Amino acid sequence: MPRFLHLADIHLGFDHYDNRDRTKDFYLALRDVVQKYAVEAQVDFVIIVGDLFEHRTIQPAILNQAKDCLLLLKEAGIPAIAIEGNHDNRPFGTVTNWLKYLADDELLILLEPEAIDGQIVYEPWDPESLMGGYIDLPCGVRILGSQWYGSAAPKMIPLLAEAIQSLPPHSGNTIMLLHHGLEGQIARYQGALRYNDLLPLQQAGVQYLALGHIHKSYCEEGWVFNPGSLEANNIEEVNYQRGAFLVTLADGNIQAELKTDYYQRSIVRLKLKTTGQETPEDLETKAMQTLQTAIQAKKLDPHQQPIVELRIEGTVGFDRLDLDIRPLQKQLQDASQALIFLLRYNVDSTTYETPLAEDANRMQVEQEVFMDLLSAHNHYKNRASELAHGLIELKDLQLQDRSEPELYEYIQNLLTQET
């Protein structure tokens, strides 16, 4: 019974938050998965279905991370078989990349079918040249590679199926690696394949279609499998089920277990809904209370140095810029001991719009405009009517060319007088 580990979208070198510890998380996740579910599980092989790296150009330290994990497999006698993804594929006209370098160093087997005169050709992987489009493993499994086809994938799949059908007969299981996503799995994803687009591959004999690209785990019809990414590449992905598939092929049946018990940075999302009645000071207090509640409920463990997102949403009764979120973010990060603290301040100022009569005169229009502006501000709403009259008088004083000291004194008296 062949067993293998299906990985995709590892993204070594991830640097979106410009944080070295966060970049290291992606390496630690891969190393832990390889150790637990490949080496210790004694699988026959590991497949990496694209995007081993985050970037085509990588730093030496990131290359060393990949080599360290692949060496674990090599020392255990477990072949790692990979294809390129959209993040690490070779640009047109380029003959090599870091995946090819790792393949030449015999740390992985890179499968790449050739395109000749508009047709796809599968050559067997050659241990001398370290090149080929497919490989037949001693465990009785045939593995087929592919390339990153982008938007041309629906047109390329029939060509891939035709090339597969022309291969020598094979009595064991057939696996194909394809770094593309299936539609309907996540929102706002353009260019996904339809399920019917994949059927020629099944008809050509593919029994396990190993996908990548979408960072969410899913299975379709018992033969299409995508494990998702090992780590969350953005805060929204914390809600995705994702990990690595540990797969057993038994008597024509596929048993794929999604493994998620490995090193991952804790990510916590919190939300604070405003009512429009808070002052900036109230909002700061409520933000800290929201954080402390999460800690007390053990939703957030400061000892884990998590990534934390707090979304403040709703309306506020003051100019939204009156709240300086930078010192607040620092206070929240210190209290949570978060590696990264994301404070999303998405609020609107409360607006009032008093209906005006069609025959309203200029004085009435000015009065209502000032009333609306003042009523929307927590500091002034209780004196809105009085202050509106005062602002109209201030306008009249300015039209009378009163001096700036006189205007300033008038405003000072207006704001400090008792109601």
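Start at His213: with 18% relative accessibility, His213 counts as buried (buried is under 20% relative accessible area, exposed over 50%, partly exposed in between, with a 1.4 Å probe and protein chains only). His213 is not a glycine, yet its phi is positive, about 85 degrees. Look for His213 in the loop between S10 and strand S11 (218-220). Helices (H or I, at least four residues) and strands (E, at least two) are DSSP runs, numbered from the N terminus.

Before moving on, the ground rules. This is a predicted model, in which local features need pLDDT of at least 70 and side-chain atom pairs count only at pLDDT 80 or more, while totals for chains, interfaces and linings use all residues. Residues are numbered from 1 along each chain as its sequence is written, and side-chain values use heavy atoms, with hydrogens and water left out.

**The whole chain**

Zoom out. The chain has 10 helices and 17 strands. Of its 419 residues, 48% count as buried. Take the contacts (heavy atoms within 4.5 Å) with a separation of 6 or more: residues 24 or more positions apart account for 71% of them.

Select Asp9. Asp9 lies in the loop between strand S1 (3-7) and H1. Its phi is near 55 degrees, a positive value in a residue other than glycine. Asp9 counts as buried, at 0% relative accessibility.

**H1 against H2**

Now show helix H1 (residues 20-39) and helix H2 (residues 60-75). Their axes come within 9 Å and cross at roughly 5 degrees. Axes are lines fitted to C-alpha atoms, for helices over the stretch in contact, and angles run from 0 to 180 degrees between N-to-C directions. The angle makes H1 roughly parallel to H2 (under 35 degrees is roughly parallel, over 145 roughly antiparallel, 65 to 115 roughly perpendicular, the rest oblique).

H1 contributes Thr23, Tyr27, Leu30, Arg31, Val34, Gln35, Ala38 and Val39 to the contact. From H2 come Ile62, Gln65, Asp68, Cys69, Leu72 and Leu73. By class, the contact of H1 with H2 has 9 nonpolar, 3 polar and 2 charged residues. Here Ala, Val, Leu, Ile, Met, Phe, Trp, Tyr, Cys and Pro count as nonpolar, Asp, Glu, Lys and Arg as charged, and the others, Gly among them, as polar.

Stay in helix H2 and pick Leu70. Leu70 is buried, with a relative accessible area of 4%. Which residues does Leu70 touch, not counting those up to four places away in sequence? They are Ile48, Ala80, Leu102, Leu107 and Leu108. Draw a distance from Leu70 to Leu102: these residues are 32 apart along the chain, and their C-alpha atoms are separated by 9.0 Å.

**Strand S8**

Go to Leu144, in strand S8 (residues 141-144). Leu144 is buried, at a relative accessible area of 0%. Leaving out residues up to four places away in sequence, Leu144 touches Leu111, Tyr122, Gly133, Tyr134, Ile164, Leu167, Thr174, Ile175, Met176, Leu177 and Val206. Tyr122 is 22 residues from Leu144 along the chain, with 8.2 Å between the C-alpha atoms.

**Two faces of H5**

Next, helix H5 (residues 195-203). Its buried residues are Asp197, Leu198 and Leu201. Seen down the axis of H5, these fall within an arc of 85 degrees, so they line one face of the helix. The arc is that of the directions from the helix axis to the C-beta atoms.

What covers the buried residues of H5? The cover includes helix H4 (153-165), strand S9 (173-178), strand S10 (208-211) and strand S12 (224-226). H5 is followed by Gly205, with a positive phi near 110 degrees.

**H6 against H7**

Last stop: helix H6 (residues 280-296) and helix H7 (residues 325-336). They pack at an angle of about 20 degrees, with their axes 11 Å apart. That makes H6 roughly parallel to H7.

Glu284, Ala287, Met288, Leu291, Gln292 and Ile295 in H6 meet Leu328, Gln331, Leu332, Ala335 and Ser336 in H7. This contact of H6 with H7 has 7 nonpolar, 3 polar and 1 charged residues.

Finish on Leu291 in helix H6. Leu291 counts as buried, at 1% relative accessibility. Beyond residues up to four places away in sequence, Leu291 touches Leu270, Leu300, Leu332, Ala335, Ser336 and Phe341. The C-alpha atoms of Leu291 and Ala335 are separated by 8.1 Å, with the residues 44 apart along the chain.
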